[in-house]
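Dear colleague,

I am passing this structure on to you, and my notes on it follow below. Please read them with the coordinates open beside you.

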Amino acid sequence: RRKDSFSSLTACRRRSPPYMLFLHPFAGGMIRRERLSDLSEAYADAEPIAAHLATLHGLASLNRGYPPSRERIKGARGSFWWSDPAHPESFLISKLDATYSPKYFTAARGHPVNNLGYVDHVTDIVPHILGRNLSSIVELGNGGGFFAIKFLKRGYDLVTVEGNGNGYAATLSRGVPSARAVKHDLRLPLFLGRRFDVALCTEVVEHVEPPFASQIVLNIVMHSDVVWFSFADVNPKKQAWVDHPNERPLKMWAALFDFYGFGVIELPARVM
């Protein structure tokens, strides 16, 4: 694709679920300033950070939380039920492994059916941002590894992260090597000890409780200066979903990324 076609990304109509690119000035391409490698002295050594997070990983292994039920959305609209004291499961934190069954990660439902061109769009658009070829990818929340295996088969250096035990098992069953798959609840801090050309976090953040929104954004920006991101927008008229406690507008996500110095590019409807 011609490089000048990238200009069309900044002005487009959004539809649900919208995909966004969040960019740090260090990302290069059209907004290049300095390379992150030039600022390495400003970053703490990776070893003590990893040691500190090992304790948090141990807490995650406890798999705490409650098993959600349909009561959490009874008579509700959108995701406002989570902060409504009148709802029996408001303000509670779900047990991740009890929220999504093995059926959730089958090909009969969800994102792979709706977004068949996802891998093509990522590998086509991101190099325009980088100003060079795309090499390494981190995927935060993988829905069972549908896209992870596709990226790997194309030869990309990919690490994929999934917190649900059923989703992690599905990832391995689809052929993703265990060395490329990390089981980790994204509601807790994550540091993989390296950075990547792009971080993918699509159709994930609406599935976690609102207090963890900033933690997920921090997990993302720790690993890349280019972020491919989606969210479920606020829709008070829509029937609430049992697994969508965190439908929030672009304004909130843009503000969180802005806090870490990231700008936003709205992607065109054709990449949905």
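Of the 272 residues of the protein, 49% count as buried (under 20% relative accessible area with a 1.4 Å probe and protein chains only, where over 50% is exposed and anything in between partly exposed). This is a predicted model, in which local features need pLDDT of at least 70 and side-chain atom pairs count only at pLDDT 80 or more, while totals for chains, interfaces and linings use all residues. Residues are numbered from 1 along each chain as its sequence is written, and side-chain values use heavy atoms, with hydrogens and water left out.

The secondary structure comes to eight helices and seven strands, taken as DSSP runs numbered from the N terminus (H or I of at least four residues for helices, E of at least two for strands). Among contacts (heavy atoms within 4.5 Å) between residues at least 6 apart in sequence, 75% join residues at least 24 apart.

Phe151 belongs to helix α5 (residues 146–153), which is mostly covered, with six of its eight residues buried, namely Phe146, Phe147, Ala148, Ile149, Phe151 and Leu152. Leaving aside residues up to four places away in sequence, Phe151 touches Tyr118, Val119, Val122, Thr123, Ile137, Tyr156, Leu158 and Leu200. After α5 comes Gly155, which has a positive phi, near 90 degrees.

Helix α7 (residues 213–221) packs against helix α8 (residues 250–259) at an angle of about 50 degrees, with the axes 10 Å apart; axes here are lines fitted to C-alpha atoms over the stretch in contact, and angles run from 0 to 180 degrees between N-to-C directions. The two helices α7 and α8 are therefore oblique to each other, given that angles under 35 degrees count as roughly parallel, over 145 as roughly antiparallel, 65 to 115 as roughly perpendicular and the rest as oblique. In this pair, Ala213, Ser214, Val217, Ile220 and Val221 of α7 meet Met252, Trp253, Leu256 and Phe257 of α8.

With best regards
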